[in-house]
Amino acid sequence: MSDLQGARLRHDVTEIIARADRLRSDRGTFEAHWQEIRDHIIPMAAAITRAETPGAKSHQLVFDNSGESAHEMLAGALVGIMTPDTADWFTLRAMDERVNRDRDAAVWLEDCAARMLSVFRSPKGGFGTAQHEKYLDVSSFGTGAMFIADRPGAGIRFTSVPLSQVLLAEDADGAVDTVFRDFTLTARLAVDRFGRDAGPKIQAAAAKEREQDKPFRFIHAVHPRTERDGSRGGRRNMAFASIYVSVEDRTLMAEGGFHEMPYVTPRWLKRGDEVYGRGPGMKALADVKMLQRAMKVTIKGVEKIIDPPLLVADDGVLSPVRVTPSGINYYRAGTWSMDPIKPLMTGGRPDLGEEFMAGIRVRIEAAFFKPLIQMIRKDRMTATEVLQVAEEGQRILGPYLGRLKAEDVGPMVERVFAIMLRAGAFAPPPPALSGADLEIEYVSPAVRSQRLGRARALGQFSEITGPMTQLDPTVHDNLDFDRAYRDTADVLGLPKDWLRGQAEVAAIRQQRQAAQAKAAQTQALTEGVDTAANAVRALPALRQAFEPSGMTEGANANA
């Protein structure tokens with residue numbers, strides 16, 4: 001490495017560390033807010049503004065877990081709605097509808113989606129766990145993060161990233177295009193991962209038994225690469241730069257790149273002038289804090305009723321006063337006419353505290369959409385109820401789910417598709433897809449229910465219009481039966497390779513029409529031959545009918 005290259009690398013490292021510090025300073029007001037949410041709503045998450053010893057208690061401020069439970073229910077519901085493990089939650093389509101009507105293209109796209117879903121469902125990839133942890137952050141803090149790693153030979157790996165480590169920046173369109181991950185590793189793990197590039201201080205610590213578990217600070221910076229040659233290969237010409245920096249040694253440990261952003265950072269709701277999102281946890285925080293205070297006061301009130309303070313005569317009872325079970329207290333006989341020790345009844349009303357807290361719990365549950373989630377999870381609903389719940393859920397959650405589709409599901413599917421395509425994990429595409437642009441179609445339970453409603457509507461339509469078609473069969477001309485048939489198969493989720501292509505269907509119909517025409521022609525010829533034979537057999541009778549009536553066989557003989 002030349003002196004100039006070394007100076008440039010040192011300059012880049014200094015700038016990366018400085019930019020990470022600036023991004024952390026910019027989110028300073030959020031951090032105080034996040035810490036309160038963490039303490040009261042999601043105490044199992046990593047601390048934001050302070051360091052905590054592993055294994056330390058995290059529920060010191062929680063006296064009622066209603067907020068924590070409602071928050072966890074929302075996170076679980078989001079996983080079930082957006083990426084359910086028991087159902088297909090996306091398909092691939094061509095943006096040109098003519099390509100989708102090609103059977104080979106449709107079958108290939110369906111096969112690609114099935115292979116991708118198997119990656120998402122593989123236990124080795126860890127998607128289920130990472131997705132749930134990410135939605136816990138999204139539904140509380142308003143922002144979540146996941147790293148999708150391409151590990152050649154080992155498969156794709158999904159890892160949730162604590163919000164405390166994530167620093168974000170947006171592009172001109174408001175999309176996150178820069179992610180700095182500020183994290184720590186022990187000296188031993190850093191050397192195992194980066195080898196000699198970990199830096200001299202870290203290598204020295206790893207070589208000492210007493211210091212090998214000492215934590216060190218690192219930064220992983222991923223941002224758009226401004227200087228690159230897209231026509232050339234190599235990680236240093238990819239769309240996004242990837243740089244690992246050791247803060248302690250101020251050294252560049254690794255430099256590479258990604259074809260697409262490897263971090264997925266969905267936000268629940270965002271103000272235009274802010275980078276980080278705002279989640280339901282922020283809305284519910286005031287009520288959650290009030291509930292904790294009310295529960296703490298109510299607990300004290302109940303304690304005073306069950307174990308009340310005592311009134312003790314100042315000169316009639318011999319100390320100490322024993323309030324333990326079976327405790328014996330002594331007093332001077334004849335010196336106190338009333339009870340020497342009696343409870344002090346404070347007149348507390350814990351029932352009023354419970355009534356007050358019940359109203360707070362209702363507001364907390366509403367902030368986390370618990371009533372709607374309970375409706376969605378209701379068993380034994382009729383078809384009409386399913387559609388009504390789906391419409392209600394779409395009306396209330398639609399704007400938030402739309403953002404999650406754009407910032408979470410979409411980038412995840414695109415990243416996995418690109419990795420698998422580069423690795424040759426798909427079959428060769430058919431010619432119809434050459435140059436075609438693809439898009440993701442989401443198949444959530446709500447969308448599936450709405451589609452089933454279309455299929456049911458077709459059945460109801462057939463039942464209602466049945467008598468009309470018997471009176472006038474020509475009314476069938478108003479309905480495109482081919483399109484209705486194929487759309488119903490798509491709504492019900494039939495595999496694409498179960499349906500013949502439209503060209504094949506047209507060929508089958510043409511062959512059928514030709515066979516029918518040939519059969520009709522053969523039948524016509526047969527009927528013509530039969531008619532001719534009947535005519536020949538009828539000739540004697542015709543001659544006899546046209547001969548003169550006086551001329552008989554006998555008369556001819558006499559003549």
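Trainee: Which residue in β3 does Asp150 stand opposite?

Mentor: This is a predicted model. In it, Asp150 stands opposite Ile156 in β3. The two strands concerned are β2 (residues 146–151) and β3 (residues 155–160), which run antiparallel and are joined by 6 bridges.

Trainee: How many residues lie between the strands in the hairpin of β2 and β3, and which residue takes a positive phi?

Mentor: There are 3 residues between the strands, and Gly153 takes a positive phi near 85°.

Trainee: What does the secondary structure of the protein chain come to?

Mentor: The protein chain has 16 helices and 14 strands. Of its 559 residues, 37% are buried. For contacts with a separation of 6 or more, 69% are between residues 24 or more positions apart.

Trainee: How is a pair of aromatic rings described?

Mentor: By the distance of the centres and the angle of the planes. The structure holds 21 aromatic pairs. For Phe147 and Phe258 the ring centres are 6.2 Å apart and the planes stand at 80°, so this pair is edge-to-face; the label applies to angles over 60 degrees. Phe147 belongs to strand β2 and Phe258 to strand β8, so the pair ties together parts 111 residues apart in sequence. Phe147 and Phe258 are both buried.

Trainee: What is the geometry of the pair formed by Phe194 and Tyr244?

Mentor: Phe194 and Tyr244 form a tilted pair, with 5.3 Å centre to centre and 55° between the planes. This pair also links distant parts of the chain, since Phe194 is in helix α7 and Tyr244 in strand β7 (residues 240–246), 50 residues apart. Phe194 and Tyr244 are both buried.

Trainee: Which residues do ring pairs link into a cluster?

Mentor: The cluster consists of Trp89, Phe90, Phe120, Phe127 and Phe158, linked by ring pairs.

Trainee: Now the charged side chains. How many salt bridges does a search of the whole structure find?

Mentor: The search finds 31 salt bridges. Asp182 is in strand β5 (residues 176–186) and Arg217 in strand β6 (residues 215–224), so the partners are 35 residues apart and the pair links distant parts of the chain.

Trainee: Is Asp182 buried or exposed?

Mentor: Asp182 is buried, with a relative accessible area of 10%, the limit being under 20%. Arg217 has a relative accessible area of 24%, so this residue is partly exposed.

Trainee: How far apart are the closest N and O atoms of Glu260 and Arg415?

Mentor: They are 2.7 Å apart, and the two residues form a salt bridge. Glu260 lies in the loop between β8 (251–258) and β9 (263–264), and Arg415 in helix α12 (residues 383–422), so the pair ties together parts 155 residues apart in sequence. Both Glu260 and Arg415 are buried.

Trainee: Which residues do salt bridges that share partners join into one network?

Mentor: The network contains Asp21, Arg24, Arg27, Glu31, Asp182 and Arg217.

Trainee: What separates Asp192 and Arg188 along helix α7?

Mentor: Asp192 and Arg188 are 4 residues apart in helix α7 (residues 187–194), so about one helical turn separates them. They form a salt bridge with the closest N and O atoms 3.9 Å apart. Asp192 is exposed, at 57% relative accessibility, whereas Arg188 is partly exposed, at 38%.

Trainee: Which residues does Asp213 touch, leaving out residues up to four places away in sequence?

Mentor: Asp213 touches Thr186 and Arg188. Asp213 lies in the loop between α8 (200–207) and β6. The C-alpha atoms of Asp213 and Thr186 are separated by 4.9 Å, although the two residues are 27 residues apart along the chain.

Trainee: Last, the surface. Which residues make the nonpolar patch of about 290 Å²?

Mentor: Leu310, Val312, Val321 and Val323 make this patch. Val323 is in the loop between β11 (317–318) and β12 (330–331). With 57% relative accessibility, Val323 counts as exposed.

Note on methods
Residues numbered from 1 in each chain as written. Predicted model: local features only at pLDDT ≥ 70, side-chain atom pairs only at ≥ 80, totals over all residues. Heavy atoms only, no water. Patch = residues over 30% accessible without salt bridge, like charges linked within 9 Å, V, L, I, M, F, W, Y side chains within 5 Å. Areas by Shrake-Rupley, 256 points an atom, 1.4 Å probe, with all protein chains shown as cover. Salt bridge = Lys/Arg side-chain N within 4 Å of Asp/Glu carboxyl O. Buried < 20%, exposed > 50% of the residue type's maximum accessible area, 1.4 Å probe, protein only. Contact = heavy atoms within 4.5 Å. Pairing = 2+ DSSP bridges. Phe/Tyr/Trp six-rings, centres within 6.5 Å; stacked < 30°, edge-to-face > 60°.
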